Amino acid sequence: MADFDLELIKLSKTYPGGAVAVKEFDLEVERGEFVSFVGPSGCGKTTTLRMIAGLEDITSGKIQIRGEDVTKVPTEKRPTSTIFQNYAIFPHMTVRQNIEFGLNVRKMTTNVINKRVGDILEKLDLGDVANAKEESLSGGQKQRLALARSLVIEPEILLLDEPLGALDANLRRSIQEELKLLQRSLGITFIFVTHAQSEALSLSDRIVVMNAGEVEQISDPLELYTRPQTPFVAKFVGSNLIFPARFEAMLDENAAVSTDIGSFDGMPVFDRSSCKKGETVSLVIPSEFIDVFPSEKAIYKDNCNYLKGTLSEVDFVGRDAYLSIVLSNNQPIRLQSDATAIRSRNLTPGGPVDMQWRRQRATVVLGHA
Ligand SMILES: Nc1ncnc2c1ncn2[C@@H]1O[C@H](COP(=O)(O)OP(=O)(O)OP(=O)(O)O)[C@@H](O)[C@H]1O
């Protein structure tokens, strides 16, 4: 058996009109991984998914599934199944008939069809609505029907294009949990396209961040959130403070940088030996790692960096606090913090504050956002 379930090798797509949608996309996915594609609208997520499904021709590169080159294999012969945002449920058919459809197309025997459909109806808790049509199904049931229809053909890879996009926020959260549990219990590979980075962060084993047809970073959610590799990812994922900076020198493991508002340091995510003094970099600090104190109450520690500012406003929204602060160069920033911690500090709008974070929490990336 091949090592990887799915391999994209320098996969590229230029549409006939000349639009370059995907550029030399390399990816290796292990069996049973949950991998999400995220990125701004038009960055090439759907095009990539459609190329994997065989719904879109590729311009160059290669797609391998379990070690076999499927680049020229027609969509119905690929071991993939796709779920689209609108589910594409046949409205004139019952739930059972919708699920049977793919098996009939594949000319399976009645015995196999009955067994598989019965199993999947039970697994996805659709038995009670087996004879219902789309119009009488809830959003969650439609979503499960779309899953059932895709899973019944026992694909090796399930491709999901914004499958939760049509659901309201509460239903979306509960279906997210179901989806993750189902994926784990089936052990099949999921490739998931979403606009919602929080969804990708909570569901995925790994996330691919795309920008203008190119891969910016492929990481697990924690790494992506805490160690962005590029200014684009720092801006796109999480809530980071990003300061344009110049590289000064390496201090042990950390890179020392200078900015308009002072000198700081952080973990470099570039080749340390090749970065030269004066090089353009950005200092990235996840806002969750920043503590804010009234200036007179700050206790200075060696393993931390500090930044002074003036608090202009605090908003409490449930468990979060949003602090608006103006820095010494008049730059306004906004920080998201824990409401309980902020309440306990008696911060006064208009007063001076000290922001503190552990040096190791900051990341230094090459280039400016
Ligand atoms: N059929 C097409 N013909 C020409 N250009 C296309 C076609 N489909 C997509 N494109 C272009 O290719 C690029 C990538 O589109 P794609 O739909 O893959 O992006 P996406 O990241 O999935 O966007 P969204 O999040 O909005 O769905 C865009 O610039 C888009 O305009």
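Tutor: Let us begin with a term: a helix here is a DSSP run of H or I with at least four residues, and helices are numbered from the N terminus. Please keep in mind that the model is predicted.

Student: Which element gives the largest share of the shell around the ligand?

Tutor: Helix α1 does, with 3 residues. The shell has 13 residues, and those that come nearest to the ligand are Y15, A21, S41, T46 and T47.

Student: How is that shell divided by class?

Tutor: It holds 8 polar residues, 4 nonpolar residues and 1 charged residue.

Student: How should I judge whether a residue is buried or exposed?

Tutor: One counts the other C-beta atoms within 10 Å of its own: with 20 or more the residue is buried, and with 12 or fewer it is exposed. The buried residues are K45, T47, T48, L49, R50, M51 and I52. After α1 comes G54, with a positive phi near 85 degrees.

Student: Is K107 buried or exposed?

Tutor: K107 has 7 other C-beta atoms within 10 Å and is therefore exposed. Its place is the loop between α2 (95–105) and α3 (110–123).

Student: How does one read the two sides of a helix such as α3?

Tutor: One asks where the buried residues point. In α3, V117, I120 and L121 are buried. Viewed down the helix axis, the buried residues of α3 fall within an arc of 105 degrees, so they line one face. These buried residues pack against α2 and α4 (139–151). On the other side of α3, the exposed residues are N111, V112, K115 and E122.

Student: What span does α3 reach from its first C-alpha to its last?

Tutor: The 14 residues of α3 reach 20 Å, close to the 20 Å expected at 1.5 Å a residue. Just after α3, D125 has a positive phi of about 55 degrees.

Student: Which domains does the assignment give for the chain?

Tutor: The assignment gives domain 1 (6–226) and domain 2 (242–366). Taken over C-alpha atoms, the centres of domain 1 and domain 2 are separated by 39 Å.

Student: What distance separates the C-alpha atoms of K107 and C275?

Tutor: They are separated by 61 Å, and the two residues lie 168 residues apart along the chain.

Definitions and conventions:
Residues are numbered from 1 along each chain as its sequence is written. This is a predicted model: local features need pLDDT of at least 70, side-chain atom pairs count only at pLDDT 80 or more; totals for chains, interfaces and linings use all residues. A residue is near a molecule or strand if its C-beta atom, placed from the backbone, lies within 6 Å of it. Ala, Val, Leu, Ile, Met, Phe, Trp, Tyr, Cys and Pro count as nonpolar, Asp, Glu, Lys and Arg as charged, and the others, Gly among them, as polar. Domain bounds come from an automatic or database domain assignment. The expected span of a helix is 1.5 Å times one less than its number of residues. The arc is that of the directions from the helix axis to the C-beta atoms. Two residues are in contact if their C-beta atoms, placed from the backbone, lie within 7 Å.
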